[in-house]
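Subject: Handover of a structure model and findings

Dear colleague,

Please find below the structure that I am handing over to you.

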Amino acid sequence: MRDERLADRLLHWFARHKRDLPWRREPRDPYRVWLAEVMLQQTQATTVVPYYERWLERFPTLEALAAAPLDAVLKMWEGLGYYARARNLHAAARAVVQTHDGRIPETVEALLALPGIGRYTAGAIASLAFNADAPALDGNIKRVLSRVHGLSAPKEAELWRLAELLLPPGRAGAFNEALMDLGATVCTPRAPRCPACPLRALCAAQASGDPEAYPARSNRKATPHHEVVTAVVVDERGRVLIGQRPPDGLLGGLWEFISSELRPSRRGEDAFGDRPSASLRRMIAARTGLRIGRADVALLGEVKHAFTHFRITRRAWLVRPAAGCCAKPQPKGYASLLWVAPTEVESLALTRSDQKIWRMCRDRLTVP
Ligand code: SF4
């Protein structure tokens, strides 16, 4: 049975405490709602705001996004991470233009048919942009519902049922946003501010005296760590060799300096030590077909980066092969390879760790 007290208290609180975010300006534009929801996945609102505003200057409408090349889309996403979101958004914008005459569908079912739109995003767009009675369950909302109902290890389906049951008909958009805001600002993962919470009188976790214990944390396994060796290869004309990652998969379509993960059996070998090595040359040959004999090689440094399920450490080298070694690179495991002037490197959509590597080495190259 629906508990109207919860919705009433929450909406009353929301009317006074809602966050002023650019994608909430009325009247709601479904394209902007969708864009914000995609950017906000795995990313905090304060980080998203400048990306959101820059994006809309470049792609003010769904049609503008659909007409843009993928490279330009990835460039605008650069630094926000989880690039599959940008690729899917772009593919979905094209699908909306081609199959829906440019109108974003209003139902959860039709939204779910678009690339990259899962149950949460479909529910969020349908409720926030079209005020459909659709639940939306993100990490913040899951935590709030688990705590209010005192659920230590709730199943996903159970939480969806609860979210549906609690939804006040005709006010789903505000209700979902209120739960999101409560989870982001009051019912935080650590140290929830129960005295300031509108739901404290209804909350089982608060009554237990240890609200932070809900939901119980799963025992996380140690995060795997990978070591990657990277070469910033510069030819005799001062051009930099750069590879585009394949379109699908991690960081798909982004550009990087020539890199390869070290197999566990090779870890600790000299490719990851302080001296350039045969294995650095082997790596360049394996990724580009270039057979580098003599070369000036200098260590640039290390860059660490964390993804959701693993961490990497990249050791980067500046490699200047002797003249004549760099004629025709062949992409091996890359979608393409390009020689670019140092002034052009920053115009490409680089991965975040490649941006750091570039900052380590650009001053050593001639950038007019
Ligand atoms: S009372 Fe505390 S634990 Fe319960 S919903 Fe509010 S902030 Fe979260």
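**The largest pocket**

Helix α9 contributes the most to the lining of the largest pocket, giving 6 residues. Please bear in mind throughout that this is a predicted model. The volume of the largest pocket is about 1,800 Å³. Its lining comprises 46 residues, and those closest to the centre are Q42, D138, G139, N140 and R143. Two or more lining residues come from each of α2 (30–40), α8 (119–130), α9, α10 (156–166) and α11 (172–185). Sorted by class, the residues lining the largest pocket are 20 nonpolar, 12 polar and 14 charged.

**S146 in helix α9**

Helix α9 spans residues 139–148, and S146 is part of it. Is S146 buried or exposed? With a relative accessibility of 1%, S146 counts as buried, because the cut-off for a buried residue is under 20% relative accessible area. Leaving aside residues up to four places away in sequence, S146 is in contact with L151, P154, L159, Y214 and P215.

**The second largest pocket**

The second largest pocket has a volume of about 530 Å³. A total of 32 residues line the second largest pocket, and L80, G81, Y82, Y83 and R85 are the ones nearest its centre. The elements that each supply two or more residues to this lining are α2, α6 (84–99), β4 (295–306) and α15 (352–361). Of these elements, α6 gives the most, with 5 residues. By class, the lining of the second largest pocket consists of 14 nonpolar, 15 polar and 3 charged residues.

**Cysteines and disulfides**

How many disulfides does the structure hold? The number found is 0. For reference, a disulfide is a covalent bond that joins the sulfur atoms of two cysteines. Two cysteines may be noted for their accessibility. C187 has a relative accessibility of 10% and counts as buried. C203 is buried as well, at a relative accessible area of 12%. Both values fall in the buried class because that class takes in relative accessible areas under 20%.

Yours sincerely,

A colleague

Technical notes
Residues are numbered from 1 along each chain as its sequence is written. This is a predicted model: local features need pLDDT of at least 70, side-chain atom pairs count only at pLDDT 80 or more; totals for chains, interfaces and linings use all residues. Side-chain values use heavy atoms; hydrogens and water are left out. A disulfide is a pair of cysteine sulfur atoms within 2.5 Å. Buried means under 20% relative accessible area, exposed over 50%, partly exposed in between (1.4 Å probe, protein chains only). Helices (H or I, at least four residues) and strands (E, at least two) are DSSP runs, numbered from the N terminus. Contact means heavy atoms within 4.5 Å. On a 1 Å grid over the protein atoms alone, a cavity is a set of points where a 1.4 Å probe fits but cannot get out, and a pocket is an open set with protein on both sides within 12 Å along at least five of seven lines; lining residues have an atom within 4 Å of a point. Grid points are joined across faces, edges and corners, and a volume is the space filled by probe spheres set on the points. Ala, Val, Leu, Ile, Met, Phe, Trp, Tyr, Cys and Pro count as nonpolar, Asp, Glu, Lys and Arg as charged, and the others, Gly among them, as polar.
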